[in-house]
Structures are given as structure tokens and as C-alpha cells.
Amino acid sequence: MNAEIVQIINEWNPIEIYPLIEDEYYSEIRKIYEIKTNSVEELAEQMHVVFAQAFKKEFNKSIEECRWIAEKIIDLIK
């Protein structure tokens, strides 16, 4: 798994865990890492689904915010 993707997700901290343990989002990041796409839109939608399923009501980020993070990830893996 890419350490830079871990860093991006941890900095985003989508459900605002404080203090954040470095591997808090490990299973979600693994699922995101396994998504094979170069489309920011598709990655953002999949990320939204992954976090919504994992955290239910605790996850309240918009698809727009996911798109911003997806763009960072796509730029990283190009």
C-alpha cells in the first residue's frame, strides 16, 4: 500500500478522529488503493461509498470533498 495515500487520507481525517492513530483508516485505504481507475469522478464516488459503508452516520463528507481528495490521489499515482 502506498504510504503517500495513507498520509493523504490521514491528513483529511474524514470522520475527524482525535487523536488519530496512524492505521485508523487502514481497511478503507486498502479498499481505495485497490480501485483501478484514472477517473477522479469514479474514484471520488467509490471513496464516498467506502467511507459511508464503514462509518455510516459518522461520515458526513460530500462527494465534492471526496473529489478533492480523489484528485490528490490520482495526481500521486500518475
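Which residues does Thr-37 touch, not counting residues up to four places away in sequence? They are Glu-42, Leu-43, Ile-74 and Ile-77, where contact means heavy atoms within 4.5 Å.

1. Basis of the note. This is a predicted model, in which local features need pLDDT of at least 70 and side-chain atom pairs count only at pLDDT 80 or more, while totals for chains, interfaces and linings use all residues. Residues are numbered from 1 along each chain as its sequence is written, and side-chain values use heavy atoms, with hydrogens and water left out.

2. Thr-37. This residue is found in the loop between H2 and helix H3 (40-55), helices being DSSP runs (H or I, at least four residues) numbered from the N terminus. Thr-37 is buried, with a relative accessible area of 13%; buried means under 20% relative accessible area, exposed over 50%, and partly exposed in between, with a 1.4 Å probe and protein chains only. A polar atom of the Thr-37 side chain lies 3.0 Å from the backbone nitrogen of Ser-39, and the side chains of Thr-37 and Glu-42 are joined by a polar contact of 3.1 Å. A polar contact is a pair of N or O atoms within 3.5 Å; within protein, one must be able to donate a hydrogen and the other to accept it, and residues adjacent in sequence count only if both atoms are side-chain atoms.

3. Helix H3. With 16 residues, H3 reaches 22 Å from its first C-alpha to its last, close to the 22 Å expected at 1.5 Å a residue, the expected span being 1.5 Å times one less than the number of residues. The buried residues in H3 are Leu-43, Ala-44, Met-47, Val-50, Phe-51 and Phe-55. Seen down the axis of H3, its buried residues fall within an arc of 125°, so they line one face of the helix; the arc is that of the directions from the helix axis to the C-beta atoms. An α-helix has 3.6 residues a turn, so residues three or four places apart point the same way. What covers the buried residues of H3 includes helix H1 (3-12), H2 and helix H4 (63-77).

4. Helix H2 and Glu-28. In H2, Glu-28, Ile-29 and Ile-32 are the buried residues. They cover an arc of only 100° around the axis, which puts them on the same side of H2. The buried residues of H2 pack against H1, H3 and H4. Glu-28, placed in helix H2 (residues 26-33), touches Val-50, Phe-51, Ala-54 and Phe-55, not counting residues up to four places away in sequence. Although buried, Glu-28 has no salt bridge, and the nearest side chain of opposite charge, Lys-31, is 5.9 Å away. Here Lys and Arg count as positive and Asp and Glu as negative, with His and the chain ends not counted, and a salt bridge is a side-chain nitrogen of Lys or Arg within 4 Å of a carboxyl oxygen of Asp or Glu.

5. Backbone points to check. Tyr-18 and Pro-19 are joined by a cis peptide bond with omega about -10°, and Pro-19 is found in the loop between H1 and H2. Asn-13, which lies in the loop between H1 and H2, has a positive phi near 50° in a residue other than glycine, and Asn-13 is buried, with a relative accessible area of 4%. Lys-56, although not a glycine, has a positive phi of about 50°; Lys-56 follows H3, lies in the loop between H3 and H4, and counts as exposed at 58% relative accessibility.

Conventions
Helix = DSSP H or I, 4+ residues; strand = E, 2+ residues; numbered from the N terminus.
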